[in-house]
Amino acid sequence: MPQRFVEIGRVCLVNYGKINKLCVIVDVVDHNKVLVDGPEPLTGIKRQVISLRRLSLTPFTVNISHGAHQQVVVKAFEKAQIQKRFNRTSWGKKMLKRELRLVQTDFDRFVEMKKKREVNHGVKGEAALVKSASK
């Protein structure tokens, strides 16, 4: 099973608070802290030192050198299509679903609940028909 190491170019998810945005490790400060860059134009994360406790390592990396400038990070981030690749993972899909749920209105949630009930009732009805037919 491949492990995820703290390394230059590793894409991380800031999991502190309600942020949940991607960033790239640009430099390792010490065994607890790293310098990350969003890059800000793409993800909204400014270049800053952040604790590893507030980061979740993703399986993605970009090819950058030690202490790369923001323009280099932006080009590498776009070239590797990190945002698109992350959104295709189950982790990214789950985050997008959570964000959509946060912006839903009461009526949207009500409609979704009714659709779910219809599907579940249909599945249970079909299962009952199959069960009675097999007897």
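View 1. At 38% relative accessibility, arginine 109 counts as partly exposed, whereas aspartate 106 counts as exposed at 59%. Here, buried means under 20% relative accessible area, exposed means over 50%, and partly exposed lies in between (1.4 Å probe, protein chains only). The two residues form a salt bridge whose closest N and O atoms are 2.5 Å apart; the term stands for a side-chain nitrogen of Lys or Arg within 4 Å of a carboxyl oxygen of Asp or Glu. Both residues sit in helix H5, 3 residues apart, which is about one turn of the helix. Helices (H or I, at least four residues) and strands (E, at least two) are DSSP runs, numbered from the N terminus.

A note for all views: this is a predicted model, in which local features need pLDDT of at least 70 and side-chain atom pairs count only at pLDDT 80 or more, while totals for chains, interfaces and linings use all residues. Residues are numbered from 1 along each chain as its sequence is written, and side-chain values use heavy atoms, with hydrogens and water left out.

View 2. Arginine 10 belongs to strand E1 (residues 10-14) and is buried, with a relative accessible area of 5%. Arginine 10 and glutamate 7 form a salt bridge, with the closest N and O atoms 2.6 Å apart. The side chain of arginine 10 also reaches the backbone oxygen of threonine 58 at 3.0 Å. A search of the whole structure finds 3 salt bridges.

**View 3. Arginine 47 meets aspartate 37.** This salt bridge has its closest N and O atoms 3.2 Å apart. Arginine 47 lies in the loop between H1 and strand E4 (48-51) and aspartate 37 in strand E3, so the pair ties together parts that are 10 residues apart in sequence. Aspartate 37 is buried, at 1% relative accessible area, while arginine 47 is partly exposed, at 36%.

View 4. The structure holds 0 disulfides, a disulfide being a pair of cysteine sulfur atoms within 2.5 Å. For cysteine 12, the nearest cysteine sulfur is that of cysteine 23, 5.1 Å away. That separation is too far for a bond. Cysteine 12 is buried, with a relative accessible area of 0%, and cysteine 23 is likewise buried at 0%.

**View 5. Two backbone features stand in loops.** Most residues other than glycine have a negative phi, and most peptide bonds are trans. The peptide bond from glycine 38 to proline 39 is cis, with omega near -10 degrees. Proline 39 is found in the loop between strand E3 (33-37) and helix H1 (40-43). Glutamine 81 has a positive phi, near 50 degrees, and lies in the loop between helix H2 (70-79) and helix H3 (82-88). Glutamine 81 is partly exposed, with a relative accessible area of 40%.

**View 6. Valine 103 sits in a loop and is exposed.** Valine 103 is found in the loop between helix H4 (90-102) and helix H5 (106-134). At 65% relative accessibility, valine 103 counts as exposed.

Conventions: A polar contact is a pair of N or O atoms within 3.5 Å; within protein, one must be able to donate a hydrogen and the other to accept it, and residues adjacent in sequence count only if both atoms are side-chain atoms.
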